[in-house]
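This report describes selected local features of one structure. The sequence and the coordinates are shown first.

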Amino acid sequence: MSARPETSAAAIRLADYTPPAWRVSDVVLEFDLGIDSSEVTAHLTLRSEVDAPLRLDGEGLELLSIAVDGTPLDPGRWRHTDHVLEVSGMRDGSVLTTRVRVQPAANTALEGLYLSGSREAGFLLTQCEAEGFRHITFFPDRPDVLARYTVTLRADKARFPVLLAGGNPDGAGELPDGRHWARFVDPHPKPCYLFALVAGRLEKIERDYVTAEGRAVKLVIWSEANAIDSCHYAMDALEHSMRWDEQAYGRSYDLDVFHVVATHDFNMGAMENKGLNIFNAKYLLADPDTTTDDEYKGVEAVVAHEYFHNWSGNRVTCRDWFQLSLKEGLTVFREQQFSADMNSPSLKRIEDVALLRRAQFPEDAGPLAHPVRPAEYREINNFYTATVYEKGAELVRMLAGRLGTEGFRRGMDRYFADNDGRAATLEDFLGALGAANGIDLMPYLAWYGQSGTPRLRARGRYDEGAQRYTLTLSQHTPPSASQPDKHAVPIPVKLALFDRDGNMLPLHLDGEACGTETVVVLDASERSFTFERIPHAPVPSLLRGFSAPVLLECGYAPAELALLLTHDPDGFNRWEAGQQLAARAFDDCRTGGAEALDAWSSALRQLFVEPGLDAALLADLLTPPGEIELAERQEAVDPAQIHELRQVMQRRLGRVIGAEALERRYRELYAPGPPALDAAGKARRRLQRRVLELLALVAVDTAHALADAQYRSASGMTDRLAALGVLVRGGAAEATDALADFRRRHADNPLAMDKWFAVQAQIPGEPALGRVQALEQDPAFTLKNPNRARALLGTFASGNPSGFHRADGAGYRLLAERLATLDSLNPQIAARLATAFNGWQRLEPVRREMARQALSDLAGRPGLSRNLSEIVASVLS
Ligand code: ARG
Ligand code: ZN
């Protein structure tokens, strides 16, 4: 089905929550699957203690028959409007049977039952979260209705040899006319958003796993035949995740089989359907020739994330969609812990904080800002945001930090025990964590209910006579339209004090010795903390490990930040000091200052030659905040100028380090032969790329020649794409041949081709638009595939500020037009891409007016989906 216009949707409010009048204890589903037309029979055992009409959700369903307790239902007893099936006179324990028809191949929204790939070779699959199940059958489509599922699939055996649904297998067999069937029973009651099926021609790899509790589990990963060899890395990641959850949280898997399926047609990253995870191929397939190091990490992280949902999401689910962060924030946090354990904790923290600043802080600062637990929504799919996921994870991290490792584990054990098989709330979560530790955590609810990034101000005063250092912390969250008065939230500030030689000082707070690092909690608008026995004025290191998701305002002298950047024993805190210093260096470039720019570049020159410094950490230290982050610190944003100045500051860094030193380092790092996938190999490639990028700013011909040679000799995607990126973004003459070669080499691999589109969408400045328009005409481009649309249009609009924000507004108009087209195919993707307009109000006046015009033209188009119209209306407000 394609999207229907649903412009006047009413807001749904958390405050209006009421428990369901009717529940469903058992669901028996039968599917007669076909590509153009599939029939779905549902037998629902209905339960209610109140005398209310039964109302079931259903969209785009052709109702074929309806019966109660086996008897066709009298037409006077039911009514079927656009989105609702209403049945009167139902009794507790009655079984309602409906039979409907849906059209998978016509479903371009990729929600409900749809076709992935071609009619001839593709397969059928489902995506139900958040509200896709209502596109499959009539049902109370809300997460607090938990039922046991028995699912029978029937289909032509030659066309659909593999039939999968969630739960344990419960028989299979032949049918007349070349058809066959398979049945699955899920013993764990679940909400319908966790339902899934897959049917088609798929290959598999398998592994036997035995849980800590002794259950034998068959792990199976499925993909289309040509990709099955790229599933082994994901299988390893799955096994590691399962073991880790047993060890870190005492959580074991609870079915006999665990299926994972890869598809190239998926709106999101992946989906944790019970016993049948479905993945965007981008987060499942991996092989060195087509997958970069960062993408490998992404596969490991998303496999873990979806697996961890089996407890944080499936065994304990959400009462309503306002509680989404209960499962998403918690599961992102659990994945962050896992990835830190598997790789380097400081690199993982750097990556996560950088993502938070790049994606969540801008969201929280603009018209799309919403609390981690929103108060209302029109289209829930618009709330799978960086705020709900990443800020939500930061809130869990604060709670975990407050309770300590053992206390948090105790609290999580309590949470799982008290809420297993339930649809829970954030209050249940905070309540369990607190109760298990005898601590009231409810003050943290303030974080969940309030949007905006708090500003944390720090002022230090040193009293030499008293050998005393007083740190005064205060907080302020700027008002927003829906929340004019923001409240103070508890802010844990992990801190250390450094002496002038860069050593950490012993801390004595309130008469107690507390080592060299401690946490103070700012639980009011302002508080002071006094440290005794401090021999001279210290340099404070605040918010260590990024102990709270806030913006720190601290009047550091550049030399103090440089001291922390060069001396802090902790990699993350070094990086953090470097980021703050780099932001100040950027200001110097703008204003003609020199102090911070000098301090930053000479500190990094020193680190560049420091023996023993981890290569990956050095690469990150050498990377200043991105253009999006830098724009956040400015008024009247001119993205072209920000791009230019950021180049200027990096060129300055390159000069200070020196072209020769860069080239020498590049050659030292060069390693021919197949890529080593261990940490050392990844670190080497990360630094090599960064060094090449810096070299391109100070010795462009040398750098392009090196990049060209690297492109030709690269045996893995990380090095090949890094070289291609330097050539393409640098406008090198060699770029044309390299792009043609890449295309030839990877024409058959959609994920590699996405990178081919994306790298060109990143060309800085005015030329980007023309390139994007040309690429839209490429036969390999299609708006129908979400990954492809994101690779070209998403990268251009959200990942290339100087290209998208042309002063003539042509970037805005292009995006607005494509959104209108895309909206009629896939509203979820259109709405997601539209968030690129966030922040337009803070542009300089010329661009601001261009953006406003493009947006209001888009808003004025008739028939926009609920998804897109909500985003456009919010962004415009
Ligand atoms: N629950 C999935 C996850 O693991 C995301 C699914 C979101 N789907 C959607 N249509 N909004 O994060
Ligand atoms: Zn998730």
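This is a predicted model: local features need pLDDT of at least 70, side-chain atom pairs count only at pLDDT 80 or more; totals for chains, interfaces and linings use all residues.

## Strand β21 and its partners

β20 also pairs with β21, in the antiparallel sense and over two bridges. Within this pair, Ala270 stands opposite Phe279 of β21. Four residues lie between the strands of the hairpin, in which Gly275 adopts a positive phi near 75°. Strand β19 (residues 257-263) is joined to β21 by five bridges, and these two strands run parallel; here Val260 stands opposite Asn277.

Strand β21 (residues 276-280) is mostly covered, with five of its five residues buried. In a regular strand, side chains alternate between the two faces of the sheet. In β21, Leu276, Ile278 and Asn280 point one way, while Asn277 and Phe279 point the other way, and all are buried.

## Contact of helices α3 and α4

The axes of helix α3 (residues 324-342) and helix α4 (residues 345-365) come within 7 Å and cross at roughly 140°. An angle over 145 degrees would count as roughly antiparallel; α3 and α4 are therefore oblique to each other. Gln336, Ser339 and Ala340 of α3 make the contact with Pro345, Lys348 and Asp352 of α4. By class, this contact has two nonpolar, two polar and two charged residues.

Terms used
Residues are numbered from 1 along each chain as its sequence is written. Chains are lettered from A and ligands numbered from 1 in the order in which they are written. Axes are lines fitted to C-alpha atoms, for helices over the stretch in contact, and angles run from 0 to 180 degrees between N-to-C directions. Angles under 35 degrees count as roughly parallel, over 145 as roughly antiparallel, 65 to 115 as roughly perpendicular and the rest as oblique. Two residues are in contact if their C-beta atoms, placed from the backbone, lie within 7 Å. Ala, Val, Leu, Ile, Met, Phe, Trp, Tyr, Cys and Pro count as nonpolar, Asp, Glu, Lys and Arg as charged, and the others, Gly among them, as polar. A residue is buried if 20 or more other C-beta atoms lie within 10 Å of its own, exposed if 12 or fewer, and partly exposed in between; C-beta atoms are placed from the backbone. Two strands pair if DSSP finds at least two bridges between them.
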